[in-house]
Amino acid sequence: DPQLHFSHYSRTKAQDEFLGISETKEDEDKEEEREEMSESQPIDQEEVLTLPGNCPSCQSPSENRMKVVEIPHFKEVVVMAMVCDACGFKSNEVKSGGGIEEKGTRLELTMTTAEDLNRDVLKSETATVAIPDMDLEVQSRLIGGRFTTLEGLIVEIRDGLKKLNPFGFGDSAEGTVQEKLKRVVEKLDTIVRGDWMTKVVIDDPAGNSYVQNYYAPDPDPNLVIVKYDRTAEQDEDMGFIKLAPENDE
């Protein structure tokens with residue numbers, strides 16, 4: 001384009017510092033020391049790892065903290081959290097420490113008492129959450145990976161729906177939409193209060209989600225765990241590509 005001119009230049013030290021990528025010789029030596037230690041020693045479950053990064057909201061330098069947590073009768077997970085001192089942005093997420101399982105997992109919990117709200121729940125970033133009695137299904141991208149309780153999961157779903165549809169609760173919302181959203185939120189509130197016992201289904205094609213078994217190591221009569229073969233579409237969504245074998249001629 002004859003009207004467009006561009007050029008490359010070396011950033012100044014001040015620009016690097018503003019972007020949060022400036023490193024002194026001492027910082028480089030510390031980073032090399034951390035890498036050598038991480039390669040030679042396994043991660044201690046009591047250790048909290050701190051990694052430099054940038055806030056996704058304001059791009060200010062921020063620290064990401066990670067910790068390995070062992071879930072009894074399940075597996076290790078990595079809990080990650082970040083708090084930005086500049087803008088107050090907060091984030092937390094959970095990643096499985098064991099990769100994708102061979103089969104998908106569907107967890108069906110039938111609540112019988114309010115104590116079920118205290119069950120530990122690991123919802124991976126690939127899992128959906130459904131409440132069949134409400135005809136409600138929440139896709140994985142709404143709240144991401146979480147290690148919380150059943151009560152905490154329901155609260156996150158409720159708050160996530162409010163954030164996703166802020167105008168659905170205002171005066172500008174259409175009557176039917178506003179009424180439907182309010183009914184959904186009210187139903188979720190009854191579950192959180194322990195006033196309504198219902199079934200909660202967590203479907204995870206990666207097999208990395210978990211609901212605490214109150215009777216472990218014996219089977220839990222109120223928790224059904226189903227292992228299933230993933231569909232081709234689910235494999236594709238998770239980045240698996242199956243190549244058809246070539247026919248020899």
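A: The answer below starts with the whole chain, then turns to the sheet and its surroundings.

The model is predicted, so local features are described only at pLDDT of at least 70 and side-chain atom pairs only at pLDDT 80 or more, while totals for chains, interfaces and linings use all residues. Residues are numbered from 1 along each chain as its sequence is written, and side-chain values use heavy atoms, with hydrogens and water left out.

The protein chain holds five helices and 12 strands (DSSP runs, H or I of at least four residues for helices and E of at least two for strands, numbered from the N terminus). Of its 249 residues, 29% are buried (under 20% relative accessible area with a 1.4 Å probe, protein chains only). Among contacts (heavy atoms within 4.5 Å) with a separation of 6 or more, 60% are between residues 24 or more positions apart.

The sheet to look at is open and has five strands in the order E8-E7-E10-E5-E12, with antiparallel pairing (two strands pair if DSSP finds at least two bridges between them). Its edges are E8 and strand E12 (223–228), each of which pairs on one side only. From one strand to the next, the twist averages 15° (angles run from 0 to 180 degrees between N-to-C directions, along axes fitted to C-alpha atoms, for helices over the stretch in contact).

Strand E7 (residues 128–131) has a partner on either side in the order of this sheet. With E10, E7 pairs in the antiparallel sense over three bridges, and Ala 130 stands opposite Val 201 of E10. With strand E8 (residues 136–138), E7 is again joined by three bridges, and the two run antiparallel; here Ile 131 faces Leu 136 in E8. E7 and E8 form a hairpin with four residues between them, and in the turn Asp 135 has a positive phi of about 55°.

In a regular strand, side chains alternate between the two faces of the sheet. In E7, Thr 128 and Ala 130 point one way while Val 129 and Ile 131 point the other way, and all of these are buried.

Helix H3 lies across E5, E7, E8 and E10, running at about 95° to E7. A second open sheet, of three strands, has the order E9-E6-E11 with antiparallel pairing. The edge strands of that sheet are strand E9 (146–149) and strand E11 (210–211). H3 (residues 150–164) packs on this sheet as well, touching E6 and E9, and its direction makes about 115° with that of E9. Strand E6 (residues 120–123) pairs with E11 over two bridges, with Leu 122 opposite Tyr 210.

There are two cavities of 30 Å³ or more (on a 1 Å grid over the protein atoms alone, sets of points where a 1.4 Å probe fits but cannot get out, lining residues having an atom within 4 Å of a point; points are joined across faces, edges and corners, and volume is the space filled by probe spheres set on them).

Definitions and conventions:
On a 1 Å grid over the protein atoms alone, a cavity is a set of points where a 1.4 Å probe fits but cannot get out, and a pocket is an open set with protein on both sides within 12 Å along at least five of seven lines; lining residues have an atom within 4 Å of a point. Buried means under 20% relative accessible area, exposed over 50%, partly exposed in between (1.4 Å probe, protein chains only).
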